[in-house]
Each structure stands twice: as structure tokens, then as C-alpha cells.
Amino acid sequence: MAYLAPIHRPSSVRHAISLSFLASDNDDLIVAKANRLEIYSSNPQAPDQLILRHSKTLYGKVTLLHKLRPASSRADHLFVGTDRYHYFTLSWDAEAKDLKTEKSYVDVAEKAARDSQTGDRVHIDPSNRFMTLECYEGVVNVMPIAHAGKGKRRAADNEIGELGDPIPVRIPELFVRSTCFIHKRQAGGTKLPNPEMAILEEDPQGKLRIRVRELEFTQSLRPAEEPHTAEFEKSRSVQGQVELGATHLIPLPPPIYGFMVVGETSISYVEEWDYKISQVPLEEATVFVSWCAVDDQRYALADDYGKLYLLYIKQKNEGEYAGHRIDVLGETSRASTLVYLDSGRIFVGSNQGDSQIIQIQPQGLEVLQTFSNIGPILDFTVMDMGNRSANELVNEFSSGQARIVTGSGAFKDGSLRSVRSGVGLQDLGMIGEMGASVTATFALSSTSSQGASDVLVVSLVDRTRIFKFESDGEVEELECYSGLMLDEATLYAGMQLDGGTVQVTSRRVRLTSPAGEVASAWQCPGSTTVTAVAVDGSSVLLSLQGAVLVLLQLVESEWNVQAERTLEANEQVSCVTLGPLLPNMCVVGFWQDSRVALLNLSDLSAVGATRVSEDDALAVPRSLCMANIMSGAPPTLFVGLADGNVITYLLESPANPFTARKSIVLGTQQAGFTILPRDDGLQNVLAICEHPSLIYSSEGRMVYSAVTAADATSTGALSLATIDSERTTHVETLPVHETVRRIAYSPALKAFGLGTIKRTLSAGVEEVESHFKLVDEVVFQELHSFALKQDELIECCMRCELDDGTGEVAERFVVGTAFLDEEAANAARGRILVFEVTESRQLKLVLEQSLKGACRCLAMCQGNIVAALIKTVVVYAFEYQTPSSPFLTKKASYRTATAPIDIAVTGNTIAVTDLMKSVSIVEYTPNRGPVPHSLSEIARHYETLWGTAVANVGKNTYLASDAEGNLVVLEQNVASFSEEEKRRLRVTSEMNLGEMVNRIRPIAVVPSASAAVIPRAFLATVEGSMYLYATIAPSKQDLLMRLQSELAKVVKSPGHVKFSLWRGFKSQVRDMGDEGPMRFVDGELIEAFLDLKNEEQEIVVAGLGIEVPGGAEEVRGLVEGLRRVH
């Protein structure tokens, strides 16, 4: 049973649009990233920049965006189309603060037509009467827009601007590169002319032509019985030769009219009367990929090499076309879409680099804002699992702190990205070794109780140290400060309103004045000591050896015993807390019976009590904390248990103190709590254990997020750091300005090996170079670069240990290449290169092996090099003639069905994913006497699957992905008695991810006994997403499958698209949209359970069909734990 959850959501931008969506006076930007919509609007603190206002997941990959303004709406509506042929209009519900589906079209698919090879297109004609959709070759779907007509055909006021049902219209043009509606002059009278669409088509002979077709629409008088009709029969051809590199048509508005044809070597104008074309050559050839209108005369154009141009249309006195000029504005990321915002600002959406907001300047452009994008991820490697050690065992929660390094972007936007998801803990500096374990730290102010904290009190096991921070950043240790006792450990230190300082040690409670004099002191009676303390303003609650509770009150600078209670012999206090969130009350934890109690401060009598656990002897409360986490909710009580569990309760009132119990495992040791105030008046809680976590509120629920710190427990060293207020994805970038096609990581060398491709345009000629680079892992700095031969590209690389010629093994990088020149029949088509890294951290070529085919993949199998060539998989032995002359010997080979795309080696078994024929399992057998080495197929998946990646994720279990965005889990039944069954890989799980996976990397964890899921692999996609793949523990499989089915009924996607249609396996051969995913659980849907209201959660749990002992509370705890895994 498989589980998939997102680590990093898609960041690649392919579509965007500007509209007034959130309100009528708003200027909003909506960006589509794979199956997510993000809504941005102006940032009040930085007006030139945008801030994210809302994001929403769709059940489908977005392919179309357009805006509509119905007469009944004060704001724009958004038209959305997906790759599953679902189309719908969305509006903004200001009350619910969510997207609202206005109208949806179930399916306008032409089952017999072929998908458009140049992308889907959507247009609205200049008169706003028709919308057209182009999703198939030779078919245009016309959707009438209701407008104010006359007589019986007049639309109702509340229908004006609404979309009608689609009408499919066939056209003879098949391979269409671009289309646009052109502006027409209105003849005398009030009747509007029929819209005309210009179509740029490539004919079967490869020649380009443009035809202008007139849209004739006939409205039905009985629409309920007879549908409306439309046709594109009338047409005229553009006169003149169209450039072969033409890619875009740009309609010109009145009074210019006509349209522009954008090509690689020229930009042409087509006039409105006779459709004659006139070409103006470009100074330098290029490939334009996107455009947007700045105003009626200026248009921004972006090319494939990252340059941004401004096209200016000159006008005659009458306003007609008089020529044009094109200027280079500057360089940006390679644009996939351009959106003009306002005041010369343009949004550059990119799927190959970071998206940007640029400002057009008189002499160029300025980048105002950058949006990080790690897509497309061509390759990645897992540096560590949060432990910074390759040999240390990790548990299932470590995957949430993994540091992943990706090869991202393409060509000049290529980069190396270090990605880690979690709450950032950024070291500012090391204060130094303390000489003993640090037990607690406290912040004081040297100026006043309201001033900035500049004094740090560090409590050690047997003493206290004081550090003073100066404004210039200097840190000085003080021998004495404000009369504090430094020869004892400090249990608490804090400021009073009058500037005095309260210090609690194991024997005393002292109040010192700002001058350092002791104003008041209280000492423990007899030989008793303080074992727990809690302070709130002038109130101090003490536990004396767990047997006596004492409440001290500071009255006129004197400590008075306000209340005292001696506990029963069978009661012992383990921890205490009090605070302003629960006036006149405190909470106490006991060693016996796993009990916590709410006490009245007036006499320390019990008001209420509860057991945090029923049967676990280790479930002893060891730490307590009250915090205001959720807005509009009662205070939350956190109980840290000795076994690493954290229990939370809502403290609604003294009469109903312990409600809404939740439990989550943070580690194996007790967690200590520290309250961190937020700017909005709420609080975060830092839970400190071997896996530190930040607890905060997000989107109306409490979130536990791992902190990106290797260890935040008490040690002898003290560091100063800043911590984020919530979980984010931390991305560190090394710009390479080349495509990072392959990446290999060597922990021993503390370096990466990168295979890169560089593309340049010189005098209209595109030149491609390839390098293998050595990059330092710490500073992300290039150490050395090895250039490949002309027309040679890197295909793969790996890090391995090979014989160094002396009988010992050494770290080596192995690189596989391919040559672009396919004409020379006898020439080498690829090479295998073996590199050594010298002591000066330079690359040294130690072996070069020419191949007859391109080397697509590399791996190690029992000390041998496995190379996947263009049609075969070959095993090479790395041997030596002399200690300085290594060579490769071919030991065995296996011929694939078409071409190997990826390989995964486990022991002597090699999994090969084929270009067309899915996965086959090959076994390597070394020679035995006269029997030579061999590679033999032992199992195969008998289904057509356009494979992209494969990895071993369990014993005889493999995870494979295909080019159509599907994930398939395959299992070999080696225990079967049937030889036929052994040779057949059976599908155990499958689902549609909706994104093409480029790489799968397996990981190894040692799960705890109670783990719900066991992480097995990370996946990276072309859209910049990263996912965690895990297997579900048998005890949780039924519950999670039922939970997914129930949530699919409750959690609605915009457009009312069914979950099963989105996640069901879909290929050109098979569509399982009606059945949904098979034995695959979507973690994103499961985590949506936490977004539901308590009543909705209860309904979902009640509909599971099985009894859950803890009800909705147990399911919440389970889902919270699943969320922490990634």
C-alpha cells in the first residue's frame, strides 16, 4: 500500500493573468503552477511588489486561463481549463475567503480528435460575444457569451456575460501554431460584424500560411430542443510569403487594425483590407516564445534566450500602421508567459528559471521582485536526512528534515539548489563552550523591563554565567550583574515592572533592585529544595521536592507566602506552569497516574484533573506550557511526556478545563517548551528534544513543523540563532548559468559532480557546450571544470568506489556521454569517463572508454560498472594492466525492447525502465568456471508504459513513473510456484500524479514500532515539485484508504471535478478515472482532514464504516503525525 505526500509544491509557471478578482478595485495576478492557482495582489509595505493572498489546489493541471466580467458581478471571473478537458469559471467568495465555482463543463473532449501539438489556446473576440477553445487539431469549440440583444433573443440582465454551452466547429487547418481574433471596423448601423480569426498553420509540406476565417453564429429560437450552431466556412488567405519561423500572431487594436506576425528572422504586418503581408527583417535572428500588450502601440516580446524586447508600432496621422521598431530592454529569466501589470511593470512567468516582476526603464529594465522556482528538476541527490551523517540511523520523521540538492532550470537559468523543508534556524554565531551542560537560558534588559533584551543568563549544572550584548555586536561576559547569585544554577530569571530582577535557584527566591541590592529574599525551609518553578508577573509557584506547593506573591517588594499545600504521600509534583492566559489558576503535573490538575491559586486546591494516559508507565508529565496558539480559541495546554509524546488540551474555562485532547509523537525524549511571541499577538511554542519542532497556527489549525537544526538539546556549547515564525521551504542557490543535467554527491569528498550543458547564440548560430564540474558542498563554489569534446553532451554521472590500482578502493566520478553527430557511421557515439579528485580538489581523467552508442545511465553492481547504452545494458569490469593504466572489460550485455531510460541496481538485480515497454528485471550472474558472465531477464511488466524513472522501494518492489504523469508500484512474486507468475511484474498500486517525474531516489530509514508510514523514496518532477513516497504500515492501510474515500466526498475541488478522475491512472492505452487511484493514498487529501471544522471531522470519521477507538481525536493525531513525516 503506497502513500504520497508533497515536500515542495510546484513552482514552475506556465500560465498567468492579470484581473480584478478579489475585489472590483483590485489589481490581482493569478498564477498557475501545475495543478495549483496562486492569487497575488499589491504588497502594502512594498507597493512595487506582490504578496500571496490565496492558493488553491485543483484536480487537474491548468492549461488555460482567461478573464470574464458578467454583468451581475462587480469583479472579474476566472475561466480555467485543465489537461483533463474540464473547464469552469471561478469567482472570489469574500465571506468564505475561498474560490467559488460559477459554472463548470464536464467534458468537451473530442474522443476521435488528436490533442493540439502546439498547446491549448483560448480567445475572446473583440466584441466580447464569443470565447473559443482550441484543444484538438482541426476543432475549435465556440462558446457564446450572453449579451444584450433585441426582442426574444435578448438575454436577461443577470445572464449578460455568462458563457453558453460549447459548440464544436471543425476547420481544415490541423497543425496550427498560433491564432488570434482580429479587430474589425464597424459598418454603418448598429449591427456588429462577424468576428474573424487569423490562423497560422503549417501544412503537410512544412510551409506556413495564414487564413482568416469568419465566425458565423446562428442562435436557436428553441435552445432547449435545438442547439445553437456555428461555422468557420468563409475564409480568405493572407497574400505574400510567410516566414518559416513564424510563431505568434498579435492583433492590433483600433485605429491601427490588422495584425503582426512574429518570426525568427522578421516581424511582419498584415493589413486589414486585402490581408497583404509586409516583412521587416530583424537585426539578429532569435526565437520568440511569449508576448504581452503594454498599451495599444507597445508590446513586450520574450525570446528563448532570456532577452526581453519592446515592439513599438508607429502610426500615421489617421492612426493607421506606419511601421514598427523593436528594441532590446534587457535580460530576464526565460519567459513562458508575460503579463503586463501597470506603470511599466511586467510579470515574467518562467518554467525554466525564477519568475520575476520587472520595471521598464528608459534605458532598459529593473528586476523588482523574484519568485523562486526549482523546476524543472532534471536530477537531484539526497545529501542527508537531517542528521548530517551518512552512517547515523534515522527514523521516519527524519525525511521531513532531509536536505536535497537539485539540478534545476535550463540553460542560462540553470542552477544548483539546496532544498530543505522546515522551520529555519539560522546561526548568527557561537558564544562558546560553557564548560558544562546548559540547563536553561533567560533574557533580561539592562535598561528597563520594557526595553530590548541585551543580557543573557545561562544556567549550568552548578553555576550561572552572564553575557552582555553591545549594540555593535560585541559580547562580554560579566563577573556580576544586578546582584544575581552566580555560584548556583538558576531555575528562573526575569524582570519586574519596576526594573527589579527575580532569580529563583534551588534554595532561594530573590528580588534585586536595578542597583544590584537584594530587596527581598525567601529561602526554602529546612533542607528542602526547589524542583520546579513557574512565574507570572509578581506570582511565583514553587514545588519543593515534589511534596509541597508554595505560592509566593510580591507585595511592596516583599515576598509573602500567598498559599501553601502539602501533598498526600501518594502525590508528587513533576512540573508546574501558570500564566496570564488563565488568571488565578495554575496547572500541575504529577508523577503518579500520569495526571495533570488545574489548581486554584487562592488555596492551591484542585479544580479539575485528567489522566494524560491510561496504561503507559512512561507517560509521566515532565513539562507544561500554556500558550495562545489559535486566534479566537481558548488557550492551549501542552504536556510533554517522558516518552516523547506531547499532549494538548484546550483550557476553555475552570469548569471545563481539559477538552479537545490531541496527541503527537515528537521524539523519544521529553520535550521542553519555550514560548515565542508573534507580531500578531499570538504565540508560537518551540518544543526542544532530539527532533526539535515549532508549534504554530496556520490556516485555522495547529501545525507541528520540524526545525532545521541537527540537535537543539542541552549541550555544552551555546549558539545564537534566529528562528522562522512558521514552516517554509529553504532554498539556497548556486547559479551555474548552464543546464545542470546530472548530479552526483560524494560525502567523502564533500563535493558534487555536475554534468552541465551550456547554450549560446552567436551571430544567429546556436552553439552547445558540455562540462563536468566539481563543486564544493559547503560554500556551493565551483572547484574545477572539465570540458567535453565538440558536439559531445553529458548524459549521466555517478559517484562510486573503484580500485585505485593498489588493491584499495577510492572515490571516483564516472561520466557517460553522447555525441550529437550521427552522420559518421564509424565514429564513436559516446564515451565513459572516470575521474579522480586530486588532493588539490581538481578533476583528473584516469580512464576514457569509447562506445558505439550513447551512454544513458550508469550504476554499480557487485563492483562492476553497469552502463545503459542506446539499446543495450552492459556490465563492465574496471581492471588494471599496470597500477596506472585502468581499462574497462565488457562482461555481459542485455538488449532492451527500445531504449533504456533509467536503471536501478539492488544486489545483483538490475531494474531497467524502457522508453516504451515499461520495466524489466535483469539478473547479473558472474562467471562460474566455463560459464561466462551473463545478464538475463527474470521478470517484466507486460504493459506499454513510456518510462521516465525507476527505483527499488522494497524487497522485490519497484516504483516506476511514465511520461504521462503516472506512478506505478510493481512487485515480483518470487514465492509463486508458477514460473509464469515469477516472470510477471504485477501492479500493486497506481495513480496519476499529473506531473512527469524525472528522477526517483530511494532512502533508508529505521521506523519506530508505531510508525504509520515508512518513507522509501523522494521524487522530483519537471514542474519543480518534490514528493515523498512511503509505504503504509499494515495496521493503518484500511483506515487510510477509508479516510481517503470519505474525504474525497467532502473536500471539493474548484470546478466540481471528482477526485477519482484526477488521481485515476490515465494513459493513451488505459483510463481509470472512474475508479480512482488503486491502493495509493494521496497525502495532500489526507492532510485536508485538519482543515475541516470539528463537526465535519466527526462526520468523516463516522462515515468510515469501522470503529476508531479514539474517534476524530485519534484520526487528528494520526494525520498530524503523517504531516510531520515530510
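Residues are classed as buried at under 20% relative accessible area, exposed at over 50%, and partly exposed in between (1.4 Å probe, protein chains only). The model is predicted; local features need pLDDT of at least 70 and side-chain atom pairs count only at pLDDT 80 or more, whereas totals for chains, interfaces and linings use all residues. Numbering runs from 1 along each chain as its sequence is written, and side-chain values use heavy atoms, with hydrogens and water left out.

L915 has a relative accessibility of 33% and therefore counts as partly exposed. L915 is placed in the loop between β75 (909-914) and β76 (919-925); strands are DSSP runs of E of at least two residues, and helices are runs of H or I of at least four, numbered from the N terminus. Together with I901 and W946, L915 makes a nonpolar surface patch of about 220 Å².

E795, in strand β66 (residues 792-803), counts as buried because its relative accessibility is 7%. Apart from neighbours within four places in sequence, E795 is in contact with R741, R742, G816, T817, A818, C855 and R856, contact meaning heavy atoms within 4.5 Å.

Helix α5 (residues 1094-1102) has Q1097, V1100 and V1101 buried. Viewed down the axis of α5, these buried residues fall within an arc of 95°, so they line one face of the helix; the arc is taken over the directions from the helix axis to the C-beta atoms. The cover over the buried residues of α5 includes α2 (1034-1050) and α6 (1111-1125). On the face of α5 turned away from the buried side are the exposed residues E1095, I1099 and A1102.

Note on methods
Patches are made of residues with over 30% relative accessible area and no salt bridge: like charges are joined within 9 Å, nonpolar side chains (Val, Leu, Ile, Met, Phe, Trp, Tyr) within 5 Å. Accessible areas come from the Shrake-Rupley method with a 1.4 Å probe; for residues, only the protein chains shown count as cover. A salt bridge is a side-chain nitrogen of Lys or Arg within 4 Å of a carboxyl oxygen of Asp or Glu.
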